[in-house]
Amino acid sequence: MENIHVGQLIGAYLKKERIYKSALARAIGVTDSQMLYYQKSKDLKPSTVLKISHALKHNFFADLAAQLPADYTTDAPKDTIKDEVIAQLKHRIEILEAQVEVLRK
């Protein structure tokens, strides 16, 4: 199994969003050289990833989890909002279809 390079993941996000490493370094209270070290590091402490996530308002833990196989288990609560919205929309469609049928008659 291939390891996930956490530093590259963060670096790619910074590049995509055009965020300066020095600005992030200031936001999390480290030097520019320390930020560069983080980007080159394959593994980072969860507390460091959490600091960076808070500073950028981006969930790097979800990005990491998305790279794991789908059959891995988790204790994280499932996001059911999407399912609830779909159920509401299906119900609304049923009502509208019934109204259309009444109007046709």
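Rings of Phe, Tyr and Trp (its six-membered ring) count as an aromatic pair if their centres lie within 6.5 Å. By this rule, the count comes to two aromatic pairs in this predicted model.

**Figure 1. Tyr-13 and Phe-60 form an edge-to-face aromatic pair.** A pair of aromatic rings is described by the distance of the centres and the angle of the planes. For Tyr-13 and Phe-60, the rings are 5.3 Å apart from centre to centre, with 85° between the planes. Tyr-13 belongs to helix H1, whereas Phe-60 belongs to helix H5 (residues 60-66); the pair therefore ties together parts that are 47 residues apart in sequence. Both Tyr-13 and Phe-60 are buried.

**Figure 2. Tyr-37 and Tyr-38 form a tilted aromatic pair.** The ring centres of Tyr-37 and Tyr-38 are 6.4 Å apart, and the angle between the planes is 55°. Tyr-37 is exposed, because its relative accessible area is 52% and the cut-off for exposed is over 50%. Tyr-38 has a relative accessibility of 12% and therefore counts as buried, the cut-off for buried being under 20%.

**Figure 3. Helix H1 (residues 6-17) crosses helix H3 (residues 32-40).** Two packed helices are described by the angle between their axes and the distance between the axes. The axes of H1 and H3 come within 6 Å and cross at roughly 115°. H1 is therefore roughly perpendicular to H3. From H1, the residues Gly-7, Gln-8, Ile-10, Gly-11 and Leu-14 take part in the contact, and they meet Met-35, Tyr-38 and Gln-39 of H3. The residues of this contact of H1 with H3 comprise four nonpolar, four polar and no charged.

**Figure 4. Helix H2 (residues 21-28) has buried residues and, on the other side, exposed ones.** The residues Leu-24, Ala-25 and Ile-28 of H2 are buried. Seen down the axis of H2, its buried residues fall within an arc of 105°, so they line one face of the helix. Arg-26 and Ala-27 are exposed on the other side of H2. Which helices do the buried residues of H2 pack against? Their partners are H1, H3 and helix H4 (46-56).

**Figure 5. Gly-29 follows helix H2.** The phi of Gly-29 is positive, near 75°. The helix that Gly-29 follows includes Ile-28 among its buried residues.

How values were computed. Residues numbered from 1 in each chain as written. Predicted model: local features only at pLDDT ≥ 70, side-chain atom pairs only at ≥ 80, totals over all residues. Heavy atoms only, no water. Axes fitted to C-alpha atoms, helices over the stretch in contact; angles between N-to-C directions. Helix = DSSP H or I, 4+ residues; strand = E, 2+ residues; numbered from the N terminus. Parallel < 35°, antiparallel > 145°, perpendicular 65-115°, else oblique. Contact = heavy atoms within 4.5 Å. Nonpolar A, V, L, I, M, F, W, Y, C, P; charged D, E, K, R; others polar. Phe/Tyr/Trp six-rings, centres within 6.5 Å; stacked < 30°, edge-to-face > 60°. Buried < 20%, exposed > 50% of the residue type's maximum accessible area, 1.4 Å probe, protein only. Arc of directions from axis to C-beta.
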